[in-house]
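Here's a quick briefing on the salt bridges in this one. Have a look at the fold, then read on.

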Amino acid sequence: MSAQTGPPAPTLPATLLRSRRLVEPALRKAVQELHPTPGLIASHAFGWCDEDGTPTDDPGSKGIRQALAVLGAEAVGAAGEVAVPAAVAIELVHTFSLVHDDIMDGDERRRHRASSWKAFGTGPAVLAGDALFALAVRTLAEVPGERGGEALRQLTVTLGELVHGQADDLLFETRPWTGPGAVDLAEYRAMADRKTGSLLASAMTLGAVLAGASPEAVAALSRAMRQWGVAFQGLDDLLGVWGDPRTTGKPVHSDLLRRKKTLPVLAAISLDPTVGPRLAGLLGEEGPAGEDGARRAAELVEEAGGREYALQEARRLLAAARAELYAAPLAPAAVDELVALSEALLRHAG
């Protein structure tokens, strides 16, 4: 068990920068092997270039998932380099999911720039997402030996869960705010576990599998990261209602404008049953919600306690994940770094 004292773990930027330096060269090399058209769209989605292919200084995503893959290998005593194919595969899958999610949600902006379908068209964006999906599978298929085969098997399971979770999330938008067909918190948690928890768990366990980890260590890492996933889906839900557009790159109240059944909204309905009918009146059941209604809905959700509930739930889940990691037979330095990473991300969102 790791002692929870001693020198402080690396800061959030240091953790992510270290992993980025290790993984990004291999990730860029993989994307360069794509057909030029989906390759350009993928490079744009990663933030590496403008729509015309001009290179940019945009760092793109935080790179949390690739960092988890690296830390997964280090947590079981291996060098981070072992996890590079896993990190590349998980970044490809994550970006594929974002490209397709933006199409399904009609989101025109992603990270302060036009989303892939808006910049290049729906058909080309779908094709680019498919190309990233195929490239992720190929990346792990080319890892020799039994470890590569096990990693590929785990990735295919994750892809199935990811699709399941996204399908539920889309269906939630069409369900009523109240009554027999309303979405409850248990359904939300199951969706978040599949949509977000499965991908974070896969990121970490793929790195551990390529490092030859024991089944017990892999299981402990998976349990902890699924808790991370549900926690961070809830934090992302907070940003979808109250996030600053300068930070999120999306309009304020964007999730409410689409009538998404997110954690703070569902928590508010659970805490105060009168909230559901009032949200239905403000946001409607069909057609796009108005900005004024979304603003008033956000105030209602916060007054009912939904915002605070989501933040406290994230803290609870991250504490449970931390306890799981410290109880497992893992390398103390890697666990300390994981805990520091989760705390920094919580501060950023909270």
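A salt bridge here is a side-chain nitrogen of Lys or Arg within 4 Å of a carboxyl oxygen of Asp or Glu. By that rule, the count is 29 salt bridges. Heads-up: this is a predicted model, where local features need pLDDT of at least 70, side-chain atom pairs count only at pLDDT 80 or more, and totals for chains, interfaces and linings use all residues. Residues are numbered from 1 along each chain as its sequence is written, and side-chain values use heavy atoms, with hydrogens and water left out.

For the places named below, helices (H or I, at least four residues) and strands (E, at least two) are DSSP runs, numbered from the N terminus. Buried means under 20% relative accessible area, exposed over 50%, and partly exposed in between (1.4 Å probe, protein chains only).

**Arg138 and Glu33**
- Arg138 pairs up with Glu33 in a salt bridge, with the closest N and O atoms 3.0 Å apart.
- Arg138 sits in helix α6 (residues 122–141) and Glu33 in the loop between α1 (12–32) and α2 (36–46), 105 residues apart.
- Both ends are partly exposed: Arg138 at 39% and Glu33 at 42%.

**Asp107 and Arg258**
- Asp107 and Arg258 form a salt bridge too, at 3.0 Å from N to O.
- Asp107 is in the loop between α4 (84–105) and β1 (109–110) and Arg258 in the loop between α11 (254–257) and α12 (263–271), so the pair ties together parts 151 residues apart in sequence.
- Asp107 is buried at 11% relative accessibility, and Arg258 is buried at 16%.
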